[in-house]
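Look at the structure first, then read on.

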Amino acid sequence: MTSRLAEFLNPRSIALVGCPGDLTRPGARPVVYLKRHGYPGNVYPVNPRHAEIGGYKAYPSLSDLPERPDLVWIGVPGARVLEALEEARRLGIPNAVILTAGFAETDAQGRRRQARLAETAHEAGIAVLGPNMLGFINCWDRVPLTFSPAGGLEPLVPGALGIASQSGALAGIVVNRAFDRRIGVSAMVSTGNEAGITVSECLEYFAEDPRTRAVAFLAEGIRDGARFRGAAARCLDAGKPIVALKMGRSAAGRRNALTHTGALTGSHEAWQAVARQLGIIEVDTFDDLVEVAGFLSHERRAPRRGVAVLATSGGASIMTADQLEARGIALPRLAARTVETLGRLLPDYARTRDNPVDVTAGMSEELFASVLETLVADPGVDTVVTIVTGARGVERAQNVSRVARAADKPVVTCWLGGSLTEEGLRLLDAQAVDCFRNPRTLALALAAARDFASARAAWRTRRPIGGRRAGPALVGPDGALPYRGARAARRPGARPGGARRDARGGGARGAPAGLPGGAEGGRAGSSPQDRGRRAGARARQRRRCQGRRGAPAAAGPRRRGRGTPRPADD
């Protein structure tokens with residue numbers, strides 16, 4: 001891996017500057033969590049008033065340590081942060097995590113203090129996370145170097161979901177909710193004021209990390225727009241969906257972002273244009289973020305032919321059908337053999353030729369499982385959704401889990417029940433069966449799988465990475481979106497730079513408009529046929545001019561090969 005975060009997130013030794021001797025104080029959380037989870041490296045508390053902290057020998061200063069640590073955690077008051085960083089600089093410590101707040105998120109003086117920190121770190125080549133953040137959790141390597149209570153959760157659940165967030169508190173909540181649903185996390189990184197490491201750099205790391213398959217992303221504002229765009233493109237190219245909860249949409253939210261992490265949020269329209277271009281999946285709630293990102297971290301099969309729905313409630317089946325169709329997910333008619341089999345299985349009052357299949361609430365669990373297996377065997381659907389509303393939660397979950405494990409297509413559950421059926425939900429989570437708490441989130445997740453697959457396919461056919469010329473970046477170095485680029489990207493069916501899709505809608509269904517790639521920036525009507533017609537028209541015009549003037553025509557522009565991108569009009 002080329003990302004410096006690969007070593008940053010897995011240090012062989014850690015010094016904790018400012019670690020209190022009282023382990024009940026919040027500042028002692030990192031040493032407590034490292035001990036609790038069996039961090040395999042060396043831990044060096046630095047506090048001149050104590051000889052031992054949390055079972056580790058303590059040292060008066062960094063210069064007194066028996067070795068140069070790979071990383072220093074700085075949790076001292078603001079006036080002493082620069083001093084601690086300077087000492088790390090003298091000792092050649094390559095990485096620093098700065099917990100302390102009171103910098104760029106406060107006022108002009110705080111911004112100047114943060115600028116000095118950034119300058120010191122840059123000159124020394126120190127990778128800095130923070131200030132004003134809660135640290136990180138590396139679940140695979142047992143490095144819970146964080147102030148967040150999520151670092152104390154037992155056990156740490158390693159998995160394929162990466163979490164990048166400017167807000168440390170919200171990042172911890174995502175970890176907590178993911179663990180509650182047995183969704184494994186590769187790493188969580190909170191970036192705070194981003195004097196060094198930004199969320200964009202985190203995306204670069206997750207794009208390369210073989211243990212990460214999807215990213216939950218929380219941001220108030222993007223400070224390095226061009227780098228963010230490149231990092232998101234790498235995730236798209238690597239087949240790793242980014243599920244984003246973008247904050248700062250309202251005027252009040254934007255003002256608060258500036259005083260929280262010092263982030264300038266920009267317009268939400270600009271963000272949406274870039275997200276659409278790069279195949280980023282936008283969500284609005286924590287439930288959506290955790291469930292959709294968790295689903296995509298292990299399931300990539302997209303419902304292209306259609307979905308079959310099995311329910312014991314007519315109302316629940318209708319509600320689910322509404323949500324699926326609202327996102328362009330088809331519920332096809334069932335195959336004749338499926339209908340015939342259902343006719344033999346179901347009593348007269350529950351027989352159906354339609355999809356969704358409502359078998360009513362009186363079914364035995366054995367019969368319910370047989371109906372579910374019948375729908376899984378239908379050749380016209382590639383995903384089966386079952387909705388649980390009744391009180392027999394554990395029995396239903398056991399049957400759904402058994403069928404899902406044997407199926408050659410996704411079997412997804414919508415668990416509508418509450419405390420009466422909660423044990424069944426926990427069983428499905430333990431068995432890694434995809435389960436959602438409401439039909440809207442379920443439909444959003446299935447649509448996200450489809451749309452991301454389409455976005456990636458479109459990207460890989462004309463990607464600029466690897467030698468082909470990229471179109472103009474939508475975002476500037478400061479994260480701003482040029483006015484003309486924003487308007488072009490916001491037009492339905494538009495590509496960045498103003499190119500529109502053809503009359504048939506262009507590309508696979510569900511592909512986001514304005515994807516990045518070699519074709520972006522072209523004029524309207526920039527198909528190969530259109531370009532050929534324009535080249536022919538130019539040649540004819542040159543011949544007419546030559547005939548009228550009796551002079552050789554000036555050499556025209558060399559004709560581009562099929563699929564070669566045109567330069568941007570902007």
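In this predicted model, the largest nonpolar core has 105 residues. Phe-8, Phe-136, Leu-145, Ile-163 and Phe-217 make the most contacts inside this core. Helix 16, residues 439–462, gives the most to the core: 11 residues.

Take Leu-145 as an example. Leaving aside residues up to four places away in sequence, Leu-145 touches Ile-14, Leu-16, Pro-30, Leu-34, Leu-71, Trp-73, Val-97, Leu-134, Gly-135 and Phe-136. Another core lies apart from the largest one. This other core has 30 residues, including Leu-346, Ala-350, Val-371 and Leu-425.

Five strands form an open sheet in the order 16-15-17-18-19, with parallel pairing. Which strands stand at the edges? They are strand 16 (357–358) and strand 19 (435–436). Each has a single partner strand, so one side of each is left without a neighbour in the sheet.

Strand 15 (residues 307–311) pairs with strand 17 (residues 383–388) over five bridges, in the parallel sense. Within this pair, Ala-311 has Ile-387 of strand 17 as its bridge partner. In general, strands of a sheet pair through backbone hydrogen bonds.

Two helices lie across strands of this sheet, as the table shows.

| Helix | Lies across | Angle |
|---|---|---|
| Helix 13 (residues 365–376) | strand 15, strand 16, strand 17 and strand 18 | about 170° to strand 15 |
| Helix 16 | strand 15, strand 17, strand 18 and strand 19 | about 155° to strand 18 |

Methods:
Residues numbered from 1 in each chain as written. Predicted model: local features only at pLDDT ≥ 70, side-chain atom pairs only at ≥ 80, totals over all residues. Heavy atoms only, no water. Core = buried A, V, L, I, M, F, W, Y, C linked by side-chain atoms within 4.5 Å. Buried < 20%, exposed > 50% of the residue type's maximum accessible area, 1.4 Å probe, protein only. Helix = DSSP H or I, 4+ residues; strand = E, 2+ residues; numbered from the N terminus. Contact = heavy atoms within 4.5 Å. Pairing = 2+ DSSP bridges. Axes fitted to C-alpha atoms, helices over the stretch in contact; angles between N-to-C directions.
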